[in-house]
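Colleague: Could you walk me through this model and tell me what stands behind each word you use?

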Amino acid sequence: MDTLESLGLGRPLAIGVPAPDFTLTMVDPDRPVSLADYRGKSPLLLGLYRGLYCPFCRRAVSTLALAGDRLQPLGIETLAVIGTTLSNARLYYRYHPTRLAIAVDPALATHRAYGLPKVEAAWEVVSAMRVNPSGELSEALPFWEGTKALGRLDGFTPTDADKADGKRTWNQSVGEFLIDRDGAVRWLHTEGTSAAEYCATFPPEGTLVSAAHALTRDRSGE
């Protein structure tokens, strides 16, 4: 099975390396957010996702929000970064409110800084996949058919911005990074260790929470 490395793509950050800084705009409240805001104060569970058009990313954001509710008492913050425009994100979350902190990066600069590649060579690989990662469909469907079916389940109607995001970012790999208060990556999960994992596989809430608990145990043992 093809791996992203075999397709000639880059590698994400490694555990133990300093996480690259970023400065982005929050969806709500209207203010900038940067990695420096957390350094020296609290660990951060950071999710980097494609646009809102992506049903897998919408589900990953919801999972991150659920995990965030459980991590906040531990002093661990959560932040999702979505590859769409600020106005498009604000329109969506006006009708789908969340307690999760969300920022936008339509240029995907943060994704690149964190070593997440765009899969330029994978159109045929992805098109041949069958997907049903959340078990919501009656059966696994061809990739593009599956994304449309999940959209119908969500009652999701793409805006012109969503359609543009889809053309621009469909092949952007994504991931989650747990960053300690000193700014080092302590855990990560990134898409694309194999073609079958590209675009559809995200860690469940329990995995995110367990990784964060492990970090707090490590810190308490120092």
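Modeller: Gladly! Let's start with helix α2, where S87, R94 and Y95 are exposed. This is a predicted model, where local features need pLDDT of at least 70 and side-chain atom pairs count only at pLDDT 80 or more, while totals for chains, interfaces and linings use all residues. Residues are numbered from 1 along each chain as its sequence is written, and side-chain values use heavy atoms, leaving out hydrogens and water.

Colleague: Why is S42 called buried?

Modeller: Buried means under 20% relative accessible area, exposed over 50%, and partly exposed in between (1.4 Å probe, protein chains only). S42 has 11%, so the word buried applies. S42 sits in the loop between β2 (32-34) and β3 (44-49). Leaving aside residues up to four places away in sequence, S42 touches G75, E77 and R181; contact means heavy atoms within 4.5 Å.

Colleague: How do you know that the buried residues of α2 are on the same side?

Modeller: The buried ones are N88, A89, Y92 and Y93. They cover an arc of only 120° around the axis, so they share one side of α2; the arc is that of the directions from the helix axis to the C-beta atoms. An α-helix has 3.6 residues a turn, so residues three or four places apart point the same way. Among the elements that cover the buried residues of α2 are α1 (55-71) and β4 (77-82).

Colleague: What makes β1 and β2 a pair?

Modeller: Two strands pair if DSSP finds at least two bridges between them. β1 (residues 23-26) and β2 are joined by 3 bridges, so they meet that rule, and they run antiparallel.

Conventions: Helices (H or I, at least four residues) and strands (E, at least two) are DSSP runs, numbered from the N terminus.
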